[in-house]
Amino acid sequence: MRLLFHSPAMASAAAIFPSSSPLLRASPLKHLGTFHQHLPFASLWRRRKRQISGTAALDSSISIPINVDYLETEFSGHGVTFEAIGDSCVVKMGLVNGSVASLMLPCGLITSYKPYMWHGSTFEVLHTTVSEGDGGAAVVRGGVSMDFKIGGDGSIPWSPSSWSLQSVRGSPEKSIQVELASVSPVDMAEVRCLVTLHQDLLGSELLISNTKSSRLRLTGSFISHLKVSTPDAAYAVGLQGSNYQSRQPFSSRFSMDPPDLGRRSPSTSKKPWTQNVLRRLLPGWGDTGEENEEELNEGGDAEESEGEEEDDYAHLTQKMSRIYTSAPRQFTIIDRGRRNSVVIRRSGFEELYVSSPGSEHEWHGKYAYICIGPAAQLTPLVLGPGETWRGAQYLHNPNL
């Protein structure tokens, strides 16, 4: 059956979310314009150092035109395919066991992760939306993104936001690793990101090397939008006893937070998710004046405060945004609505970000997600001259 796309945004959505069938090869795409060659990292680094003066603004990365034909010729043969979407490119990874993932260049956003499940099919872990922006261009939000700022004494912070493909390693039988690189406009830092698809895990490893003769400070977070049926059916398992600080939600160019996430508002946090199901099916079910007054007096978790997680099976139905400062290296998100779970592991980060948009929104809709990510937000990481720091996030599928 032939699919007809009525807008660039619709065509982009089809490319961004990979098919569940592994190893679907796409022929080279030559009809979407002429792009310059996708240059190697070292060449870009030397060229950019010559072109950028010391007074240049450091608030953006290099915009690298993408030649999909070059990528196909240079990097094909490892279970990876490439597809051009306007000025961007979607990199699709597929394993023989059925697990697939995709990311976008040059922004570096991981848009989809579908691990193979015990019941014989794949299951989407990430929550990503594609909408139509100005001029019909696709606007992509959610997924897994990196939002970091790197700066030194007296310098303007720089954020790696434009990435080039450096190498593809591995095989579709075991694992596939894609290496990305981003360069600072002046001699400040070299940044690499290793995205690895295993049979039961998707890893994102960040390596930052200080090329200055003075210290660098790093702040930021991985931001992962995990798909759930509704936050009212989602639970965080394993955080009991962890200290946290409630903060405003992290904001990045890929965020999709509801406008009122940072404000106190009515919540259904005290009601089990099964009761909320009945309330949706039978309007007015279980409502009393006392309950309504209680809901109006409940608040979100957006005001800055400190506390300790009391529940080992923490319900995520409330609007909340927290930075945990003593969380274990591994915990689990369970979605009773989809009957699925994801284990989140981190390394190199002391802090953990967890955010929920609350349960007042449509089931399986735009705000049906839980946001998590290893972070260095409250206490910046410090890199000495010549030092390299490594931090990582791993999304593990325990349902294989």
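Colleagues, what we have here is a predicted model, in which local features need pLDDT of at least 70, side-chain atom pairs count only at pLDDT 80 or more, and totals for chains, interfaces and linings use all residues. Residues are numbered from 1 along each chain as its sequence is written, and side-chain values use heavy atoms, with hydrogens and water left out.

Let me begin with the overall composition. The protein has five helices and 22 strands; both are DSSP runs numbered from the N terminus, helices being H or I of at least four residues and strands E of at least two. Of its 400 residues, 53% count as buried, where buried means under 20% relative accessible area, exposed means over 50%, and partly exposed lies in between, with a 1.4 Å probe and protein chains only. The accessible surface comes to about 17900 Å², and 49% of that belongs to carbon and sulfur atoms; these areas come from the Shrake-Rupley method with a 1.4 Å probe, and for residues only the protein chains shown count as cover. Contact here means heavy atoms within 4.5 Å. Among contacts between residues at least 6 apart in sequence, 71% join residues at least 24 apart.

Nine strands form an open, antiparallel sheet in the order β8-β9-β10-β11-β22-β19-β18-β13-β16. Two strands are taken to pair if DSSP finds at least two bridges between them. The edge strands, each pairing on one side only, are β8 (164-171) and β16 (313-315). From one strand to the next, the twist averages 20°; axes are lines fitted to C-alpha atoms, for helices over the stretch in contact, and angles run from 0 to 180 degrees between N-to-C directions.

Within this sheet, consider the pair β11 and β22. Strand β11 (residues 201-210) and strand β22 (residues 388-396) run antiparallel and are joined by nine bridges. Opposite Arg390 in β22 stands Leu207. Arg390 also meets another residue: a polar contact of 3.1 Å joins its side chain to that of Glu205. By polar contact I mean a pair of N or O atoms within 3.5 Å; within protein, one must be able to donate a hydrogen and the other to accept it, and residues adjacent in sequence count only if both atoms are side-chain atoms. Glu205 itself is placed in β11. Is Glu205 buried or exposed? Glu205 counts as buried because its relative accessibility is 14%. Setting aside residues up to four places away in sequence, Glu205 touches several others, including Gln177, Arg192, Gly391 and Tyr394.

A second residue of interest is Val178, which lies in strand β9 (residues 175-183). Val178 is buried, at 0% relative accessibility. Its C-alpha atom is separated by 5.8 Å from that of Leu194, 16 residues away along the chain. Beyond four places in sequence, the contacts of Val178 include Val91, Met93, Leu103 and Leu165.

Why is β17 (residues 319-324) described as largely enclosed by the rest of the structure? The reason is that six of its six residues are buried. Both faces are covered, with Lys319, Ser321 and Ile323 buried on one side and Met320, Arg322 and Tyr324 buried on the other. In a regular strand, side chains alternate between the two faces of the sheet. Three bridges join β17 to the antiparallel strand β14 (residues 243-246), and Ser246 has Arg322 as its bridge partner. Six bridges join β17 to β20, again antiparallel, with Tyr324 opposite Leu352. Strand β20 (residues 351-357) is in turn joined to β21 by five bridges, running antiparallel, and Val354 stands opposite Ile372. Finally, β21 (residues 369-383) and β12 (residues 216-227) run antiparallel and share nine bridges.

Among the helices, I select α3 (residues 68-75), in which Val68, Tyr70, Leu71, Glu72 and Phe75 are buried. Their cover includes β1 (80-85), β2 (88-94) and β8. Asn67 caps the N-terminal end of α3, with a side-chain oxygen 3.0 Å from the backbone nitrogen of Asp69. Just after the helix, Gly77 takes a positive phi of about 105°.

I close with the cysteines. The structure holds zero disulfides, a disulfide being a pair of cysteine sulfur atoms within 2.5 Å. Cys89 is buried at a relative accessible area of 0%, and Cys107 counts as buried at 18% relative accessibility.
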